Amino acid sequence: MLKVTETQEITFSKELLKQFDEILTRYPEGKHKSALLPILHLVQAEFGWVSTPAMDKVAAYLHILPIEVYEVTTFYTMFFLQPQGKYVLEVCRTGPCTLVGAEKMMQHIEKKLGVKEGEVTKDGLFSWRGVECLAACGMAPVLQIGPDYTYYEHLTTEKVDALVDELKSKKA
Amino acid sequence: MARKLLLEHIDVAGINTLEVYRKQGGYRAVEKALKKLSPEDVVDEVKKSGLRGRGGAGFPTGMKWSFLAKPEGKARYLVCNADESEPGTFKDRYLMTNIPHLLIEGMIVSSYALGANTSYIYVRGEMMPQIRILEKAIAEAKAAGFLGKNILGSGYDLELYVQPGGGAYICGEETALIESLEGKRGNPRIKPPFPAISGVWGCPTVVNNVESIAAVVSIINDGGDEYAKVGIGRSTGTKLISASGNLAKPGVYEIELGLSVEEFIYSEKYCGGMANGKRLKAVVAGGSSVPILPANLILKTTNGENRLMSYESLADGGFATGTMLGSGGFIAFDEDACIVRNTWNYSRFYHHESCGQCSPCREGTGWMEKVLHRLEYGHGAMSDIDLLVDVAKNIEGNTICPLGDAAAWPVASAIRHFRDEFEWHVKHPEKALKGNYGLAHYADPLPPVVVETV
């Protein structure tokens, strides 16, 4: 669901716009709407989520209607329409992963972070959610963290603890 | 004899780089095709090879290519489907990560065959690391003159781009993928027109799976006839199998089609049997959407013959006692796995991933999820089991795209083969919440023996 929670103007840096321009060269003339998904990924990587003002700006850049951006961001699960933790732990919850302990991993993450699925920790560092099959079933259980979407495979509760602690220490 | 046509050099250090890939004979297929063969010759070789689409449908690739319309003055496109999202399937990610140039080389040869001057690899957005790997490989190939203008002096031009998805299983369906590539929601299109006539931006388009395109390289190097000698019957060549679940050695294996299921599960060369000395209860052989089979039926057909890893043998017996090779997502369940819980999990997946265009799928997947949830959590009634069969029947065949079938088959097959386990959940909710039904009569009829292979 799209809820407008942020109305503050944002600006796209020169570097970001340069990357947008490069993406446009990949498609035939007049087919620039194809750049929408790659551009939204860059926006999310930059701001941590995709706010309504950001979507409006993307629409203006691509000369399309804002609704054309909204209908895309509400369809694809990767785009966050609310602010998230700096690190979003996305844990695969689909069949093959659950056969080897994905549900236990999610319970452990909830306990370790002290927040429920979709919530952000007080320090703003973490949020987590279950996602559908990440195509790493042979290395299950598995989670990934954006914006690079690095995969963490063969998870154990110890590995999850070490990962969370490592990310926490990065802050300092 | 187990031949490897895709992963032969996978263990060579640095095979992800152009330099090492070339030393192992890489890009020979591009040289051969562009210098010695016409586009029609390439299509003919692929037809001769008998290669069938490796994404799940198993449609002959050469025939798909020959349907491509070639109207004057209109661009044609090849789009590689790297939206690998079928639960249990992770072979394309493995291939792109470890040997990206095999896909790039296949894309160049295939694009040449189809007369495409711009091609795209549509990769699911979650695979951002693989997108970076492919972009690097494309830059290397371009610097070496295998992409761009006048490739190897042949007069043929090709630009190749990687396009990220946004997290949607449905975009693995080719017309949804095309919609997504156009920057829209991934709603499948009504066919006809087929993409071969009107695909990306209304232009003739071929969409092929990563593994199919990679297979074109060895077909061109060795010839379609040679490729057709590998495998069994109409299941020619090799297939990447993604093995997951309760196996001792899960992972990606390249098998020659026709290998016995028993050997695949129990031999040390492949999965090494079940993990932790448990016994096999059931297998989903081709990705989550194909019918689940109990151990006895996956190992042997009802005629008592060994079940083989081939399109035909896995389908033997139809849906009554058989299944499908699908994408090769091989998920093994041990004696502790709960079939009801797993079926509920799959239904939740399909409900989550339904695009919502067609009512039978949008509503039906939601109902199946709800009913399975109450069965799993001890609130089910006996009538729920037949209700599920009824809902599944009403989804199947009544939707624009195959997602409806993919959602219906796992539910229908689980009840077909494991009805007593569903009934046990209704009769003994308190037991079902605490424990599992176990192996019952589905037990693997064979002791977990190690099959000797040469």
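Here is a chat about how to read some features of this predicted model.

Colleague: Before we start, what kind of model is this, and how are residues numbered?

Modeller: It's a predicted model, where local features need pLDDT of at least 70, side-chain atom pairs count only at pLDDT 80 or more, and totals for chains, interfaces and linings use all residues. Residues are numbered from 1 along each chain as its sequence is written, while chains are lettered from A and ligands numbered from 1 in the order in which they are written.

Colleague: How many helices and strands does chain A have?

Modeller: Helices (H or I, at least four residues) and strands (E, at least two) are DSSP runs, numbered from the N terminus. Chain A has seven helices and four strands, and along the sequence they go α-α-α-α-β-α-α-β-β-β-α. Its C-alpha atoms fill a box of roughly 50 × 35 × 30 Å along the principal axes.

Colleague: What share of chain A is buried?

Modeller: A residue is buried if 20 or more other C-beta atoms lie within 10 Å of its own, exposed if 12 or fewer, and partly exposed in between, with C-beta atoms placed from the backbone. In chain A, 38% of the 172 residues count as buried. Take A:Lys159, found in helix 7 (residues 157-171) of chain A: it has 15 C-beta neighbours inside 10 Å, so it counts as partly exposed. B:Ile395, in helix 17 (residues 382-395) of chain B, is buried because 29 other C-beta atoms lie within 10 Å.

Colleague: And what is B:Ile395 in contact with?

Modeller: Two residues are in contact if their C-beta atoms, placed from the backbone, lie within 7 Å. Leaving aside neighbours within four places in sequence, B:Ile395 is in contact with B:Pro360, B:Cys361, B:Gly364, B:Gly404, B:Ala407 and B:Ala408. B:Pro360 and B:Ile395 are 35 residues apart in sequence and 5.0 Å apart in space, C-alpha to C-alpha.

Colleague: How do I describe two packed helices?

Modeller: You give the angle between their axes and the distance between the axes. Axes are lines fitted to C-alpha atoms, for helices over the stretch in contact, and angles run from 0 to 180 degrees between N-to-C directions. Angles under 35 degrees count as roughly parallel, over 145 as roughly antiparallel, 65 to 115 as roughly perpendicular and the rest as oblique. In chain B, helix 6 (residues 100-114) and helix 9 (residues 210-222) pack at about 75°, with axes 8 Å apart, so these two helices of chain B are roughly perpendicular.

Colleague: Which classes of residue make up that contact of helix 6 with helix 9 of chain B?

Modeller: Ala, Val, Leu, Ile, Met, Phe, Trp, Tyr, Cys and Pro count as nonpolar, Asp, Glu, Lys and Arg as charged, and the others, Gly among them, as polar. The contact of helix 6 with helix 9 of chain B has ten nonpolar, two polar and one charged residues.

Colleague: Which way do helix 5 and helix 9 of chain B cross?

Modeller: The axes of helix 5 (residues 91-98) and helix 9 of chain B come within 9 Å and cross at roughly 50°, so the pair is oblique. This contact has four nonpolar, no polar and three charged residues.

Colleague: Where do the buried residues of helix 3 of chain B sit?

Modeller: Helix 3 (residues 39-49) of chain B has B:Val42, B:Val43, B:Glu45, B:Val46 and B:Ser49 as its buried residues. They cover an arc (of the directions from the helix axis to the C-beta atoms) of only 160°, which puts them on the same side of helix 3. Among the elements covering them are helix 6 and helix 9 of chain B.

Colleague: How many residues does the contact of the chains take?

Modeller: It takes 35 residues from chain A and 45 residues from chain B. The side of chain A that touches chain B divides into 20 nonpolar, nine polar and six charged residues.
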